[in-house]
Amino acid sequence: MTVIEHINQAKDTIISFEILPPLKGKGITAIYEHLDPLMEFKPSFINVTYHRSETMFKKKPDGTFEKVEVRKRPGTVAICAAIMNHYKVDAVPHLICGGFTKNETEDALIDLNFLGVDNLLIIRGDAPKNEAFFEPEPGGHRYAIDLMKQVASMNNGIYLEEDLKGVVKTKFCIGIAGYPEKHFEAPNMETDLSFLKAKVDSGAEYIITQMFFDNQKYFDFVKRCRDAGITIPIIPGLKPITTKKQLTVIPRTFYVDIPSDLANEIIKCKIDDEVAQVGTEWLTEQSRELKKFGVPVLHYYTLGKPRVIANVVRSI
Ligand code: FAD
């Protein structure tokens, strides 16, 4: 089933999770060990992130450095197939512009279609860690909307080789990202929303938000989207804070604020177990309020913390 079918058929708020592929070298059991504690909540779908390769400098025996491309978390497509096969739950691979030519994207879409994956979260991806700006591959896509248009074309039976005969129309349901606190590169919220609206007008069926820790940011974002004519479901993306270090890492990495009430409670904690307790309680309250507001889905970024997420979902 597609994500939008899950939403349309649900009578109440549904649950979904996002996981990361394990570090290279780990087996598929790492995924099952991560997901097993979460399966009692019968998630409607599970997203699997995509990680492009990074450029690293490896020291050679003579003391000089060699530039190498390293992909630390490969396996997104295969993990989706494994999840669908093992748990009989729909999987949503993330598909990014970065690092892909249009032909490579088409090949990936053909693989996904053969595997019976009908859902995609389409995002641009960020610049590799040691590069300042995102640059598409030569012959790749600069913005998520351009990648969406390629998928939409395949949904209409138009492949890159336009003269192919008797082609199969894919039926990918397309989700996109939205930013209640603005995308960090956007000059202002209005401009960011106008690009979001363009993605919706090009066929996106739902939005998943960047994490936020203040529900009012989500409520304001939904209102602004509705005022801008964006009517599709807006799924809140939620994450617990579990370590003190995250007080600075999260704002720096994701460009989101941590409200002072939460930050002050975390600062008072002596050990990370106490932080995890505060983070769990905060996320539980956030989830309860969002459910009461009537959100279609509570989407949890599990990021290696399945037991914390399980405690939250169990108590709502
Ligand atoms: P876009 O929609 O392309 O927007 C990027 C920027 O360009 C924005 O500032 C926007 O306002 C602007 N813009 C958009 N269209 C235009 C246009 N036509 N002209 C000029 N400016 C424009 N990253 C990964 O690498 N892997 C993942 O698995 C992953 N999963 C994610 C899941 C979620 C739910 C979220 C919220 C983010 C995820 N990301 C992931 C991060 C994401 O790739 C980055 O946030 C990226 O910087 C932006 O992606 P986007 O799809 O929003 O980009």
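Student: Which residue in β5 stands opposite Ile 46?
Tutor: Ala 91. Strands β2 and β5 run parallel there, joined by 4 bridges. Strands count as paired if DSSP finds at least two bridges between them. Strands here are DSSP E runs of at least two residues and helices are H or I runs of at least four, numbered from the N terminus.

Student: Before we go on, where do the numbers come from?
Tutor: This is a predicted model, with local features needing pLDDT of at least 70 and side-chain atom pairs counted only at pLDDT 80 or more, while totals for chains, interfaces and linings use all residues. Residues are numbered from 1 along each chain as its sequence is written, and side-chain values use heavy atoms, leaving out hydrogens and water.

Student: Back to β5. How many of its residues are buried?
Tutor: 7 of the 7, so the rest of the structure largely encloses β5. Buried means under 20% relative accessible area, exposed is over 50%, and partly exposed is in between (1.4 Å probe, protein chains only).

Student: Which residues sit on which face?
Tutor: Asp 90, Val 92, His 94 and Ile 96 are on one side. Ala 91, Pro 93 and Leu 95 are on the other. Both faces are covered.

Student: What does Leu 95 pair with in β6?
Tutor: Its bridge partner is Ile 122. Strands β5 and β6 are parallel, over 3 bridges.

Student: And the strand order of the whole sheet?
Tutor: β9-β8-β7-β6-β5-β2-β1-β11-β10, an open sheet of 9 strands with parallel pairing. The edge strands are β9 (234–235) and β10 (237–238), each pairing on one side only. Further in, β1 and β11 run parallel with 5 bridges.

Student: Switching to rings. How many aromatic pairs are there?
Tutor: 8. Rings of Phe, Tyr and Trp (its six-membered ring) pair if their centres lie within 6.5 Å; planes under 30 degrees apart are stacked, over 60 edge-to-face, and the rest tilted.

Student: Why is the pair of Phe 17 and Tyr 300 called tilted?
Tutor: Because the planes meet at 40°, with the centres 6.4 Å apart. The pair links distant parts of the chain: Phe 17 is in β1 (residues 14–19) and Tyr 300 in β11 (residues 297–301), 283 residues apart. Phe 17 is buried at 0% relative accessible area. Tyr 300 also counts as buried, at 0%.

Student: What about Tyr 218 and Phe 219?
Tutor: That pair is edge-to-face, 6.0 Å centre to centre with 70° between the planes. Both residues are buried. They belong to a cluster in which ring pairs link Phe 212, Tyr 218, Phe 219 and Phe 293.

Student: Which residues have the most contacts inside the largest nonpolar core?
Tutor: Leu 35, Ile 83 and Tyr 300, in a core of 59 residues. A nonpolar core is a set of buried Ala, Val, Leu, Ile, Met, Phe, Trp, Tyr and Cys residues joined through side-chain atoms within 4.5 Å. A second, separate core has 31 residues, including Leu 121, Ala 177, Ala 263 and Cys 269.

Student: What does Ile 83 touch, beyond its neighbours within four places in sequence?
Tutor: Ile 19, Ile 31, Leu 35, Ile 46, Val 48, Lys 88, Val 89 and Ala 91. Contact means heavy atoms within 4.5 Å.

Student: Helices next. Which residues of α4 are buried?
Tutor: Thr 105, Glu 106, Ala 108, Leu 109 and Leu 112. They lie on the same side of α4, because they cover an arc of only 160° around the axis. That arc is taken from the directions of the C-beta atoms from the helix axis. What covers them includes α3 (76–87), β5 (90–96), β6 (119–123) and α5 (144–155).

Student: Where is there a positive phi just after α4?
Tutor: At Gly 116, about 80°.
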